[in-house]
Amino acid sequence: MSFVTRQPIDGAALLAQVADPGLGGTALFVGSVRRGKEDGPVEAIEYSAYETMLEEEFGRIVTEIRSRWREARVVGVHRLGRIPAGEISIAVAAAAPHRAEAFAACRHAIEEAKKRLPVWKKEIFQDGSEAWRDNESRLA
Amino acid sequence: MHFRDALSSSTTVTVTVRAFARYAEILGLEETTLELDEPATVSDAVKLLRSSIPNGSRLPERPLVAINREHVLAETPLQDGDELALLPPLAGG
């Protein structure tokens with residue numbers, strides 16, 4: 001299954017993918033494009049990626065989760081292209097027998113995704129100007 | 001484009017270099033090939049890029065890099081045929 005989409009993300013669809021009668025706890029994390037205000041209102045973010053590596057790296061994260069939380073099921077999807085403020089850019093769902101593992105697995109997936117996925121974003125402001133933005137600091 | 005170390009005489013490795021996002025903008029290219037004397041590391045490749053490509057000096061001395069779609073450190077040796085990716089600071093999520 002691909003971890004990349006260019007269509008709007010449906011969180012409920014992810015929940016359905018991990019649903020299992022043996023798994024009593026499910027955590028869903030949804031990240032959206034933030035309007036922000038430091039440099040003016042963000043209209044949208046243009047996401048680009050090293051797609052072949054993104055797929056492989058997300059796969060490695062899922063494999064780590066399966067070895068650490070053996071009964072957990074986890075799925076994730078990252079949207080690329082131009083995403084308007086307020087719409088979902090990434091979603092991760094993790095289901096496990098109990099809530100503690102579900103939260104932990106979901107948290108691991110999103111934290112590792114933010115640290116490791118080869119994805120870049122360019123903020124597009126309401127006045128039409130643009131700026132690269134990374135997860136650590138603001139770029140000049 | 002193909003960049004080669006001018007003084008090269010011994011066995012060499014040829015790698016495909018891919019640049020993304022801001023680095024692709026800086027270099028004005030998304031892909032090139034690089035030929036280096038063996039043994040060569042990621043760090044040697046970055047040095048050659050910084051000195052041989054127009055605007056190459058605007059790349060950081062130690063950018064985030066991947067070989068064959070896996071994160072690696074600058075000291076990692078290069079093998080012939082590797083895909084070396086220059087990754088600007090990540091911004092996923």
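**View 1. B:Pro39 sits in a loop of chain B.** The loop runs between strand E3 (31-37) and helix H2 (42-52) of chain B. Helices (H or I, at least four residues) and strands (E, at least two) are DSSP runs, numbered from the N terminus. A cis peptide bond joins B:Glu38 to B:Pro39. Its omega is about -10°. This is a predicted model, in which local features need pLDDT of at least 70 and side-chain atom pairs count only at pLDDT 80 or more, while totals for chains, interfaces and linings use all residues. Residues are numbered from 1 along each chain as its sequence is written, chains are lettered from A and ligands numbered from 1 in the order in which they are written, and side-chain values use heavy atoms, with hydrogens and water left out.

**View 2. B:Asn55 has a positive phi.** The value is near 70°, in a residue other than glycine. Look for B:Asn55 in the loop between H2 and strand E4 (64-67) of chain B. Most residues other than glycine have a negative phi, and most peptide bonds are trans.

**View 3. Two helices of chain A pack together.** They are H2 (residues 51-68) and H3 (residues 99-116). Their axes are 10 Å apart, at an angle of about 150° (lines fitted to C-alpha atoms, for helices over the stretch in contact; angles run from 0 to 180 degrees between N-to-C directions). H2(A) and H3(A) are therefore roughly antiparallel (over 145 degrees). H2(A) brings A:Glu57, A:Arg60, A:Ile61, A:Glu64, A:Ile65 and A:Arg68 to the contact (heavy atoms within 4.5 Å). Facing them in H3(A) are A:Ala105, A:His108, A:Ala109, A:Glu112, A:Ala113 and A:Arg116. Of the residues in this contact, five are nonpolar, one is polar and six are charged.

**View 4. Both helices meet a mixed sheet in chain A.** This open sheet has four strands, in the order E1-E4-E6-E2. Strands pair if DSSP finds at least two bridges between them. Which strands stand at the edges? E1 (4-5) and E2 (25-32) of chain A do. Each has a single partner strand, so one side of each is left without a neighbour in the sheet. H2(A) packs on the sheet and touches E1, E4 (73-79) and E6 of chain A. The direction of H2(A) makes about 160° with that of E4(A). H3(A) lies across E2, E4 and E6 of chain A, at about 150° to E6(A).

**View 5. E2(A) and E6(A) run antiparallel.** Eight bridges join E2(A) to E6 (residues 88-96) of chain A. Here A:Ala27 stands opposite A:Ala94 in E6(A).

**View 6. An antiparallel sheet in chain A is ordered E5-E3-E7-E8.** This sheet is open and has four strands. E5 (81-84) and E8 (130-133) of chain A are its edge strands. On average, neighbouring strands are turned by 25° against each other, direction ignored. Four bridges link E3 (residues 42-49) of chain A to E5(A). A:Ile45 stands opposite A:Ile83 in E5(A).

**View 7. Chain A meets chain B.** In contact are 26 residues of chain A and 19 residues of chain B. The buried area is about 1800 Å² (accessible area, 1.4 Å probe, that two parts lose on being put together, summed over both). Carbon and sulfur atoms give 59% of that area. In chain A, the residues losing the most area to chain B are A:Tyr50, A:Trp120 and A:Trp132. Together they make up 37% of what that side buries.

Notes. Angles under 35 degrees count as roughly parallel, over 145 as roughly antiparallel, 65 to 115 as roughly perpendicular and the rest as oblique. Ala, Val, Leu, Ile, Met, Phe, Trp, Tyr, Cys and Pro count as nonpolar, Asp, Glu, Lys and Arg as charged, and the others, Gly among them, as polar.
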